[in-house]
Amino acid sequence: CVAGALERKVWVRAFNKERYPGMYTVLVGPAGVGKSEVIHLVRALWTELEGHHIGHSSVTAASMMDNLREADRRLIMPDRNPSIVAFNSLKVVVSELGVLLPQYENEMMNTLTDIWDGQPYGQRRRTKELNFTIEHPQLNLLAGTTPSYFSVLLLNGAWDQGFLARCMLVYSGEAIMRPMFDEVETAGWDKLVSDLKKIGDLYGKMTFTPEAAQKLTDWQMSGQEPLPEHPRLASYNIRRVAHLLKMCMVACASRGDTYLITEEHVTEAMGWLFDVENSMEQIFKAMNSGGDIKVMEETWYFANRLSIKTNKGIPERELVAFISERVPAHSVLRILETMERAGWIKEEVEAGVGKVYVPARKKK
């Protein structure tokens, strides 16, 4: 009993510690659906906010932490003791996630995971210049990417790792065409900037009304329905409650300068969450229609053209070299094997050459 009480005391103390929650939002869709337009608009809005810091797009894990160290914010709060509140808050906005994460790199992924959880972050190296601690880190990330990025550049195991489970993946495959000479609507810009400045200056502890707390508890304890069922979202499902709590905070902040989250805010946040999740599984279908399939089609086209020209099979080394330019090394032989099993190519042996592949004249 004593041990249990001590554990509970430590847990409550940790839970009540000041946190500065951030969100990672990634817009996912094929080229031409307008991801960059939305992201450029958000960047323009963020640029209008004085005292807020926007990070660089192409960085290493170390240089991102340098950005975060420099992104210090200090708020004067006369009614608090101490009256000056200090923390580090950085906004990162990139049109293409591959610029920030050109490859699956553990140090960057682990750093982003650590910051999202709101824990103090520190680095200590052998040199005196690299010895620092960020007590209150906050990072907000907005990026865009295509399904093929996930299928080609990210390892399958990445879906079970921390970073992607902490991202809100917002998918759309619909391209909305607009006349290129239409006037851009700017009537509400100044009002939107004004509202964002007020939201950006909000600081304080958020609490829940009893009704809001009960609604969240009932949802959590009853299975969190509707629950995404795709196996690659298993790690994401573990953090759905944290995602929803952050959305509740956003809903509350968007309605005024109150710090009280009501049942209405919870309902709105749930609507956002479920809308995003309804389309989230479409990412994996889009990955199947792009990614490996696209590389397989390009490889078959290359082999077919070369086979018609030479009237011979294609040496294995040539196909391996071709595929290696398009996928990571660990995927090359898998692509070849899949094409052979699907009947797109057939393995043969030619005297003096060795193993060659003959493409089917009509791709199946």
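Where is Asn311 found? Asn311 sits in the loop between α14 (292-310) and β10 (314-315); helices (H or I, at least four residues) and strands (E, at least two) are DSSP runs, numbered from the N terminus. This is a predicted model, in which local features need pLDDT of at least 70, side-chain atom pairs count only at pLDDT 80 or more, and totals for chains, interfaces and linings use all residues. Residues are numbered from 1 along each chain as its sequence is written, and side-chain values use heavy atoms, with hydrogens and water left out.

**Backbone geometry in loops**

- Most residues other than glycine have a negative phi, and most peptide bonds are trans.
- Asn311 is not a glycine, yet its phi is positive, about 60°.
- Gln224 is buried, because its relative accessibility is 15%.
- The loop between α9 (210-221) and α10 (234-238) also holds Pro226, and the peptide bond from Glu225 to Pro226 is cis, with omega near -5°.

**Helix α11**

- Helix α11 covers residues 240-255, 16 residues in total, and should span 22 Å at 1.5 Å a residue; the expected span is 1.5 Å times one less than the number of residues.
- The end C-alpha atoms of α11 are 23 Å apart, which agrees with that span.
- Buried residues of α11 include Arg240, His243, Leu244, Met247 and Ala251.
- Gly256 follows α11 and has a positive phi, near 155°.

Note on methods. Buried < 20%, exposed > 50% of the residue type's maximum accessible area, 1.4 Å probe, protein only.
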